[in-house]
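Here is a short tour of one model, written for someone who likes to keep the coordinates open while reading. Have a look at the sequence and the fold first, and then we will walk through a few sites together.

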Amino acid sequence: MFNLYDAHNHLQDERLGQVRDTAILDLRRENVRRMVVNGSCEEDWPLVRDLAKAYPEVLPSFGYHPWYLKERSPDWEQSLIGFLDELPSGVGEIGLDRWMKDYDLEDQERVFVTQLRIAAERNLPVSIHCLQAWGRLYELLRQEPLPNCGFVLHSFGGPREMIPSLTALGAYFSLPGYYALERKTRQQEAFRHVPRERLLIETDAPDQSLPVERVRYPLTETATGKPLNHPANLEAVYRFACELLNESMETLTRQVEENFTRIFGGIMR
Ligand SMILES: [Zn+2]
């Protein structure tokens with residue numbers, strides 16, 4: 001059996017509430033050894049902490065996602081530091097997003113940089129979300145102090161020309177199953193150019209579903225009937241990566257285990 005590592009999911013998401021207890025059993029059956037569970041706002045940080053305390057597989061990560069900045073309280077920064085001090089954890093999901101409606105890039109940058117500095121001071125791995133803001137992200141990463149352990153560009157969708165310079169700054173590139181969709185040719189091509197020692201695999205569950213024929217754990221949102229991504233679909237994402245990179249499962253899982261341990265080793269319990 002292969003050891004699997006999910007570099008990015010949201011097990012705390014309320015849309016997974018219906019399956020959370022059975023999900024952990026499914027994840028164990030699938031041999032998912034560790035997963036980075038990303039908080040996205042003050043409201044879900046306590047849930048992420050509780051999951052980390054309940055399940056040794058969960059590596060917690062705390063951060064303010066650009067989509068939820070408008071909800072933040074005046075004490076958000078203190079609260080974030082409190083969670084980071086409570087147990088070994090990463091910083092994320094943080095980032096920049098010019099795809100969302102009514103974005104305020106200045107505000108996003110301020111909060112992003114604040115969190116980046118907190119991570120750099122403590123040498124904590126950072127999980128970064130970036131949509132349509134790659135140039136600006138690169139500038140900030142170049143100017144600001146970064147954690148020595150590195151940072152993850154989750155669901156990397158930037159231009160492949162930027163991969164070498166991002167790699168030089170300490171980037172890891174994490175591949176979601178969503179990129180197995182036939183039309184995602186640009187992203188697929190980019191991942192063929194990612195250095196193997198910087199490759200990670202993620203589900204981003206409950207988002208970024210795989211093409212339906214690859215799904216092993218089907219799930220739908222009770223309220224809307226929309227498809228959701230089950231975190232135990234991780235092996236299907238690895239299978240997709242093997243096809244994309246023309247690699248055996250044995251070699252790929254060993255490489256990803258090495259990479260995951262290199263960046264997240266400091267917060268593994
Ligand atoms: Zn995410």
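Is glutamate 86 buried, partly exposed or exposed? Glutamate 86 is partly exposed, at a relative accessible area of 38%; here buried means under 20% relative accessible area, exposed over 50%, and partly exposed in between, with a 1.4 Å probe and protein chains only.

A word on the ground rules. This is a predicted model, in which local features need pLDDT of at least 70 and side-chain atom pairs count only at pLDDT 80 or more, while totals for chains, interfaces and linings use all residues. Residues are numbered from 1 along each chain as its sequence is written, and side-chain values use heavy atoms, with hydrogens and water left out.

**Salt bridges**

Side chains of opposite charge can pair when their charged atoms come close. A salt bridge is counted when a side-chain nitrogen of Lys or Arg is within 4 Å of a carboxyl oxygen of Asp or Glu, and the count comes to 21 salt bridges. Three of them are set out below.

| Pair | N to O distance |
|---|---|
| Lysine 53 and glutamate 86 | 2.8 Å |
| Aspartate 107 and arginine 72 | 2.9 Å |
| Arginine 192 and glutamate 189 | 2.7 Å |

Lysine 53 and glutamate 86 form a salt bridge that links distant parts of the chain: lysine 53 sits in helix 2 (residues 45-54) and glutamate 86 in helix 3 (residues 76-86), 33 residues apart. Helices (H or I, at least four residues) and strands (E, at least two) are DSSP runs, numbered from the N terminus. Lysine 53 is exposed, at 53% relative accessibility.

Aspartate 107 pairs with arginine 72 in another salt bridge. Aspartate 107 belongs to helix 4 and arginine 72 to the loop between strand 3 (58-62) and helix 3, so this pair ties together parts that are 35 residues apart in sequence. Aspartate 107 is buried at 13% relative accessibility, whereas arginine 72 is partly exposed at 24%.

Arginine 192 and glutamate 189 are separated by about one helical turn, because they are 3 residues apart in helix 7. Arginine 192 is partly exposed, with a relative accessible area of 43%, and glutamate 189 is partly exposed as well, with 30%. Elsewhere, salt bridges that share partners join Glu30, Arg216, Glu235 and Arg239 into one network.

Helix 7 (residues 185-192) also holds glutamine 188, which counts as buried at 14% relative accessibility. Beyond its neighbours within four places in sequence, glutamine 188 is in contact (heavy atoms within 4.5 Å) with Tyr179, Ala180, Leu181, Glu182, Phe240 and Leu244.

**The zinc site**

Which residues hold the zinc ion? The zinc ion is coordinated by His8 (NE2), His10 (NE2), Glu93 (OE) and Asp204 (OD), at 2.1 to 2.7 Å. Donors are N, O and S atoms within 2.8 Å of the metal (3.2 Å for Na, K and Ca); water is not among the atoms, so sites may look incomplete. Along the chain, the donors follow the spacing H-x1-H-x82-E-x110-D. Glutamate 93 in strand 4 and aspartate 204 in the loop between strand 8 (199-202) and helix 8 (234-245) are 111 residues apart, so to speak a link between distant parts of the chain. Both glutamate 93 and aspartate 204 are buried.
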